[in-house]
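User: I'm new to this structure and would like a close look at one part of it: the charged side chains. Could you walk me through where they pair up, where they gather, and what sits alongside them?

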Amino acid sequence: MATDELADSFADVLAAVQRLTRRRLRHGLSAPPLRGAQVELLRLVVDKPGIGVSAAARELRLAGNSVSTLVNQLVKAGFLRRETDPSDRRSALLYATPAAAARLRDWQIRRGTLMREQLAALDPADRAALAAALPALRKLADSLHEDRTLVSHPERETPYAVQEEPGGAPA
């Protein structure tokens, strides 16, 4: 399989697995579903209690105002607690509520159960192929996590800045 075809096929399959997993896990939820960025922020705050809004924006590679909007939504939903930073009264520190921790824990348990069931339904050769691919997938995830876009395009302010192509179309 050519590199371009592999890249396209891999991206399509990965997106489908993520989408279908989320869809299966959302079915039967009593609470309204959280959007992907909300979940990412909650996971970050659980991992780094007391993180500031600006630091969270940098970690998530999102604009500060986008993270502020997410924070407001999650505070209103009862999943985040915002406290004034004692060293800088203009800044806020973020803490996950017990409801957020429970929601994330429940999601992880349900996701693990779903994946175990689906993997068990595959034949042993397919499970072995997936297991063999895990080290390469981890390397890919690490590579994507690194900020390679800024290294190759230092003129960009953020890794996701829209660049204009000649003729005015976004890249």
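Analyst: Here is a walk through the charged side chains, starting with the pairs and ending with the surface patches.

Keep in mind that this is a predicted model. Let's begin with pairing. Side chains of opposite charge can pair when their charged atoms come close. How many salt bridges does a search of the whole structure find? The count is three.

Take K48 and E59 to start with: their side chains meet in a salt bridge, at 2.4 Å from N to O. K48 lies in the loop between α2 (36–47) and β1 (51–52), while E59 belongs to helix α3 (residues 53–60), so this pair ties together parts that are eleven residues apart in sequence.

E83 is partly exposed, with 34% relative accessible area, and R81 counts as partly exposed at 38%.

Then there's the bridge between D88 and R90, with an N to O distance of 3.0 Å. D88 has 23% relative accessibility, so it counts as partly exposed. R90, on the other hand, is exposed, with a relative accessible area of 77%.

Now for a charge without a partner. D85 is found in strand β2, which covers residues 80–85. Is D85 buried or exposed? D85 is buried, and yet it has no salt bridge. The nearest side chain of opposite charge is R89, and that one is 7.7 Å away. A salt bridge here needs a side-chain nitrogen of Lys or Arg within 4 Å of a carboxyl oxygen of Asp or Glu. So what does D85 touch? Leaving aside its neighbours within four places in sequence, D85 is in contact with S91, A92 and L93.

R19, R22, R23 and R26 form a positive patch. One of them, R22, sits in helix α1, which runs over residues 3–26. R22 is partly exposed, with a relative accessible area of 34%. There is a negative patch too, formed by D4, E5, D8 and D12. D8 from that group is found in helix α1.

A nonpolar surface patch of about 750 Å² is made by M1, L6, F10, L14, L134, L137, L140 and L144. The elements giving two or more residues to this patch are α1 and α6 (124–145). Which of them gives the largest share? That would be α6, with four residues. On the α1 side, L6 lies in the helix, and L6 is partly exposed, with a relative accessible area of 48%.

Notes
Residues are numbered from 1 along each chain as its sequence is written. This is a predicted model: local features need pLDDT of at least 70, side-chain atom pairs count only at pLDDT 80 or more; totals for chains, interfaces and linings use all residues. Side-chain values use heavy atoms; hydrogens and water are left out. Patches are made of residues with over 30% relative accessible area and no salt bridge: like charges are joined within 9 Å, nonpolar side chains (Val, Leu, Ile, Met, Phe, Trp, Tyr) within 5 Å. Accessible areas come from the Shrake-Rupley method with a 1.4 Å probe; for residues, only the protein chains shown count as cover. Lys and Arg count as positive and Asp and Glu as negative; His and the chain ends are not counted. The place of a charge is taken as NZ of Lys, CZ of Arg, CG of Asp or CD of Glu. Buried means under 20% relative accessible area, exposed over 50%, partly exposed in between (1.4 Å probe, protein chains only). Contact means heavy atoms within 4.5 Å.
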